[in-house]
Amino acid sequence: MNDLPIIPILATLLGGLAFWLMLPRGTARGRGVGALAMAMALGLAGSQMPRVGDWLDNSVFFILAAVTIVSAVAAVTFRNPVYCAIWFGQMLLGTAGLFLFTGAQFLAVATTVVYAGAILVTFLFVLMLAQPEGKAAYDRVSWEAMLAAATGVVVVAALSMIIGRTFAPEGALYPWLGMPTSQQLAANVLTPAHVARLGGELFGRYLIAIEVAGVLLLVALVGAAVIIGREKR
Amino acid sequence: MPYEVALLNNYLLVGAALFGIGLVGFVSRRNLIVMFLSAEMMLQGVSLSLVAWGRFHNDFGGQLLVLFIIAVAACEAAVALAMITMLFRRSGKLDAAHWQTLREANQPRFHEEPLPEEFGDQPLPWPRLTPAGIQPDVPREKIDYRPKV
Amino acid sequence: MPDIRTLLILIPALPLAASLTTALLGPRLLRTRSHLPAVAAIALSFLASVLLVFQVQRAIDQPAAPAAEHRAGQGRAAQPIGFERVYTLWSWAQVDQAMPWPDQNAADTYQPASWGNFRIDIALRVDPLTAAMLVIVTCISTLVAVYSIGYMHDDPGYWRFFSYISLFVFSMTMLVASSNFVLLYVFWELVGLCSYLLIGFWFEKPAAAAAGKKAFLVNRIGDFGFALGVFLLWTTYGTLDFHDTWIHFHHTWIQTSIGVLGQTRLAHPEMFASGGLATAIALLLMLGACGKSAQFPLHVWLPDAMEGPTPVSALIHAATMVTAGVYMVARCMPLFAASQTALVVVGTLGGITALLGAITAITQTDLKRILAYSTISHLGYMFVGLSVGTLAGVVAGMFHLMTHAFFKSLLFLGAGSVMHAMGGVIDTRQFGGLRRRMPITHWTFLIGCLAMAGVFPFAGFWSKDAILLALHQRASLGGGAAVYQGLYLSVMLGVVLLAVYTFRAFFLTFYGPERIPPEAGHHAHESPITMTGPLMLLACGAFGLGAYFEWTHGFEHFLAATPSLAYLGQRAAEPAGEAGAHWGVAVLSTVMVVIGLAIAAVLYLGSREQARRLARLMNVFGLYSLSYGKFFFDEIYQALIIAPLVGLARLCAWFDQWLIDGLVDAGGALPKWLGGGFRPAQNGLVQFYALAMVLGLLVLMGALVF
């Protein structure tokens with residue numbers, strides 16, 4: 001194979017190396033290099049991705065994607081779990097932006113409110129309750145950082161390869177079977193009455209599922225209360 | 001590449017990256033809460049792909065599935081945090097490796113390597129000032145230790 | 001006046017109800033009042049038994065129930081003999097055509113409708129034999145239950161005791177009232193269970209627990225024989241009912257089964273099995289009787305059974321349960337009478353047991369153990385009486401059973417009174433001269449001793465005399481006359497020994513210098529009225545009962561109306577009772593008793609130096625040791641039976657532990673070894689598990705990509 005995708009492979013490997021350097025290994029040495037390498041890897045990867053629409057759309061998408069990915073890397077590699085949680089929140093905001101970008105307005109709001117607003121705050125509560133200092137050894141030493149980074153590389157590489165094959169000219173999706181036209185999209189997913197349609201679907205087709213989800217929430221609430229409420233003997 | 005296809009492609013790639021990053025975090029980090037955050041991150045990667053595919057198929061199913069994912073994630077977070085709190089009450093740590101006592105009998109322990117000395121971990125010295133008023137009766141170790149944050 | 005059926009059901013039902021009540025309410029509610037249900041129920045049972053006897057007597061006096069008369073014309077049944085009533089309450093089990101009709105059947109010449117239909121009916125019967133046993137059992141039980149109120153008063157297991165006693169009375173009354181061999185066997189086992197429970201009543205005491213176990217195991221041997229006998233009866237006769245079964249069908253009575261001891265078979269003696277089969281059946285049944293009634297060679301459990309509370313010894317191990325074997329042999333007398341060999345064996349065993357028990361009793365020092373060996377000896381007398389195989393012999397055996405029940409329970413209760421006063425000490429070497437301290441016990445004990453030794457006119461005299469007379473008459477007939485002559489002589493000799501050991505025990509306890517063991521404390525006084533009352537009542541029985549029945553011939557005539565015994569009376573013409581022979585036997589036995597009494601008085605009334613000298617003299621030949629060591633039966637059994645069995649058990653245990661377990665362990669080791677290879681995978685680190693999941697994911701994706 002002559003057309004070996006050199007740059008994506010390089011980007012993935014570089015990203016893995018950078019990740020290994022950035023993960024807490026009991027020492028701060030190489031973290032800066034790692035961050036630099038990670039930036040390079042992300043840049044390389046971004047350069048290989050197709051453009052989306054005009055320059056404005058394109059810039060918005062890439063900025064959002066960069067925020068998301070960078071926040072994600074930071075959330076995983078920071079040693080202090082409070083910072084991790086805050087970076088994670090930023091990652092969620094980036095995701096919400098991506099949702100908004102693709103027209104899923106309700107999801108964007110839901111992610112922001114439920115995830116970043118409620119779940120993450122709960123995490124922070126627990127963190128504050130459990131670990132006020134953030135200097136524990138287990139935060140400073142990862143478990144098999146190199147193996148973990150290698151695993152990540154393999155998984156991301158495999159996924160990217162599948163995606164790449166799917167969208168390649170000889171791939172499964174070519175010639176874009178079932179691709180919606182903008183009129184169809186405007187009539188359905190991108191309809192101005194987005195929330196109304198979503199709600200209609202939710203309480204029509206998915207009525208039973210939403211009821212089940214509600215019961216599940218109740219059960220989880222009770223279960224959590226029971227678990228946490230048990231007296232320590 | 002048409003707009004919709006490019007969008008799908010990019011979203012899938014971003015989702016895959018989130019998934020991979022979360023995976024690495026889950027596998028390598030030992031703090032239970034950070035592990036949990038990483039797992040949520042993987043979930044976000046999947047959500048992104050779902051929304052993108054939903055748009056590509058011009059269908060609300062993807063978004064609705066993500067909505068359910070959020071609901072389930074909320075349940076999961078409630079129960080998991082309760083359990084983490086219990087574990088913390090028992091061990092005083094958020095260390096996942098602490099619970100390797102649940103391993104099969106007669107298996108060797110995961111050995112924690114001795115922590116290398118790190119520059120930033122040295123206790124910060126207190127600024128030396130002239131005494132003002134009566135010296136408060138503070139234990140010695142409290143005086144010596146000053147958190148960074 | 002309630003009818004026979006009601007009475008017959010009430011007699012066992014009341015004690016059963018009392019037993020359940022006491023067992024349920026005893027530990028919490030009744031506590032120290034636990035005797036109330038038991039005593040009330042047993043006393044009512046006794047009352048019902050007495051009423052039943054009157055009913056039966058009235059029915060005998062006005063014979064020929066219309067139905068029976070009507071039936072007489074049908075089938076092969078002749079005019080019914082004797083009196084019997086059978087009440088089938090319900091059918092417990094029924095298997096039709098359980099056994100095919102054999103082509104060559106020795107016993108029956110034609111096939112009744114239900115031949116081989118295996119059915120266990122809960123059938124109660126009443127005939128004079130049953131009625132007499134019911135009265136004896138419930139009477140003694142009532143007195144013993146009242147006595148136990150005093151004797152057991154501060155025992156922590158008070159409720160348990162009365163629950164067991166009631167259960168025993170239920171079982172025993174059912175045993176004598178059942179009209180089916182299976183039912184008989186069931187209650188035979190149930191009285192054995194009660195015996196076990198009561199011997200081991202103080203189960204914390206190792207000796208008591210061991211004694212209970214021994215009684216149970218030794219009885220098991222006998223019961224095994226009994227069970228085999230029942231199986232043989234089933235294959236021979238095709239039914240296990242005692243009675244015939246008739247059904248009323250289209251205005252005619254049809255006989256559906258011929259009971260083993262039914263009227264039809266009694267009317268046609270050729271329908272009984274004969275020859276070797278009859279001998280086998282009889283001997284197997286006798287094995288069961290040997291176990292239950294403590295006959296040689298299965299007598300070893302009874303002396304140990306004295307570990308139980310004394311009222312239990314009096315009731316179960318002297319008066320009632322141990323006579324179940326005698327009752328069973330008397331009940332099945334036609335089966336025994338069918339084989340002269342079996343009768344001779346019964347008589348020989350009885351004679352050996354009688355002498356063995358008497359000789360052993362002479363040298364024992366434990367008061368209760370002396371009485372236990374005397375019980376063994378007296379049960380031997382009863383079997384000797386039964387072995388005569390004539391109506392007179394059976395009546396003599398049953399008569400002795402009755403008088404023995406009275407005087408032996410009297411003696412045991414007296415011993416219990418002594419034991420109560422002595423603080424649990426029962427060794428005659430540690431006390432003596434108690435006649436002043438315990439006057440009532442002394443006098444009642446004396447009456448019991450006189451009755452047991454057979455002094456004129458006490459009860460034992462008459463019953464023993466009846467046995468001797470029956471033996472004497474039998475010895476004058478042909479067919480094993482020599483054996484009966486020998487039995488007659490050995491019983492005569494036994495009478496001397498009987499008098500000696502009876503009065504030895506009496507003199508040791510109540511005469512000589514007053515000695516009281518330290519365990520007695522302040523207890524050394526006469527027992528309360530609940531204990532002395534039964535003693536006095538029993539003393540009345542032991543004094544007058546024999547003479548009463550002897551003069552009126554009431555017992556004999558009553559029992560003679562039992563179908564299976566009436567059959568005996570019809571079968572063999574009784575030799576004319578010669579008045580001369582009767583007088584000769586009576587005088588001879590009285591002389592023997594006087595000799596024995598004199599020996600006891602000489603040896604034990606004054607200084608006991610002569611007794612010791614005699615013991616030393618006897619020990620020159622090892623005779624004293626032989627008697628004192630109880631003929632070393634326990635040691636012999638230990639060496640010959642128990643030790644080899646224990647060895648075998650050890651071998652089996654070794655085999656099981658090393659070979660069987662080894663194989664099983666090897667089977668278990670393989671998966672363990674295999675699993676050991678995968679064991680490091682479970683290292684308790686969540687991350688490792690996550691990594692394993694990722695590996696699985698990669699495999700899936702690989703399958704997708706390539």
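In this predicted model, S589(C) is buried, with a relative accessible area of 0%, and its place is in helix α23 of chain C, which covers residues 579-604.

**Around S589(C)**
- A polar atom of the side chain of S589(C) lies 3.1 Å from the backbone oxygen of A586(C).
- Leaving aside residues up to four places away in sequence, S589(C) touches F461(C), K464(C), D465(C), L468(C), M492(C) and V495(C).

**Around F688(C)**
- With residues up to four places away in sequence again left out, F688(C) touches A681(C) and N683(C) in chain C as well as W143(A) in chain A.

**Where chain C meets chain B**
- Twelve residues of chain C are in contact with 17 residues of chain B, and R679(C), L685(C) and Q687(C) supply 44% of the area that chain C buries against chain B, which is more than any other three residues.
- The area buried between chain C and chain B is about 1,200 Å², and carbon and sulfur atoms give 69% of that area.
- Across this interface the rule finds zero salt bridges, while one residue pair is found in polar contact, with both residues at pLDDT 80 or more.
- Sorted by class, the side of chain C that touches chain B has seven nonpolar, four polar and one charged residues.

Terms used:
Residues are numbered from 1 along each chain as its sequence is written. Chains are lettered from A and ligands numbered from 1 in the order in which they are written. This is a predicted model: local features need pLDDT of at least 70, side-chain atom pairs count only at pLDDT 80 or more; totals for chains, interfaces and linings use all residues. Side-chain values use heavy atoms; hydrogens and water are left out. Contact means heavy atoms within 4.5 Å. Buried area is the accessible area (1.4 Å probe) that two parts lose on being put together, summed over both. A salt bridge is a side-chain nitrogen of Lys or Arg within 4 Å of a carboxyl oxygen of Asp or Glu. A polar contact is a pair of N or O atoms within 3.5 Å; within protein, one must be able to donate a hydrogen and the other to accept it, and residues adjacent in sequence count only if both atoms are side-chain atoms. Ala, Val, Leu, Ile, Met, Phe, Trp, Tyr, Cys and Pro count as nonpolar, Asp, Glu, Lys and Arg as charged, and the others, Gly among them, as polar. Helices (H or I, at least four residues) and strands (E, at least two) are DSSP runs, numbered from the N terminus. Buried means under 20% relative accessible area, exposed over 50%, partly exposed in between (1.4 Å probe, protein chains only).
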